[in-house]
Amino acid sequence: MRLSSDKDDPGYRDWCIVRSDMKTIKVFLDGVEQNRCEMADDEAGEIRRFVTTPQGNLATDMIRGEFLTEVVKGKVEICIEDRA
């Protein structure tokens, strides 16, 4: 399964469906829950997440004004749950 909040990503449609059903998505990489994750693909074993500074802020490309992301590979688990 591939889910993405990026409208240009192939997983965007499925992400919209899950969110429209009022579900919560949790993503784990090598057993560690990922926050600020933009895309997760459990079959490809990769996530795309926002880069943070040592202080915990989102890192920004100062020229283009976009948030920086990184692709990280490993064992990806996507958990979809009902909202409490």
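Modeller: The model is predicted. A search of the whole structure finds two aromatic pairs. In one of them, the ring centres of tyrosine 12 and tryptophan 15 are 5.9 Å apart and the planes meet at 25°, so this pair is stacked. Both residues belong to helix 1 (residues 12-20) and are three residues apart, about one turn of the helix.

Phenylalanine 50 lies in strand 5 (residues 46-50) and phenylalanine 67 in strand 7 (residues 66-67), so the pair ties together parts that are 17 residues apart in sequence. Phenylalanine 50 is partly exposed, at 24% relative accessible area, and phenylalanine 67 is also partly exposed, at 48%.

Side chains of opposite charge can pair when their charged atoms come close. Arginine 48 forms a salt bridge with aspartate 9, with 3.2 Å between the closest N and O atoms. Here arginine 48 of strand 5 is linked to the loop between strand 1 (2-4) and helix 1, 39 residues apart. Aspartate 9 is buried, with a relative accessible area of 9%, and arginine 48 is buried at 14%.

Arginine 49 meets glutamate 70 in a salt bridge of 2.8 Å, N to O. This pair links strand 5 to strand 8 (residues 69-73), 21 residues apart. Arginine 49 is partly exposed at 22% relative accessibility, as is glutamate 70 at 31%.

Terms used
Residues are numbered from 1 along each chain as its sequence is written. This is a predicted model: local features need pLDDT of at least 70, side-chain atom pairs count only at pLDDT 80 or more; totals for chains, interfaces and linings use all residues. Side-chain values use heavy atoms; hydrogens and water are left out. Rings of Phe, Tyr and Trp (its six-membered ring) pair if their centres lie within 6.5 Å; planes under 30 degrees apart count as stacked, over 60 as edge-to-face and the rest as tilted. Helices (H or I, at least four residues) and strands (E, at least two) are DSSP runs, numbered from the N terminus. Buried means under 20% relative accessible area, exposed over 50%, partly exposed in between (1.4 Å probe, protein chains only). A salt bridge is a side-chain nitrogen of Lys or Arg within 4 Å of a carboxyl oxygen of Asp or Glu.
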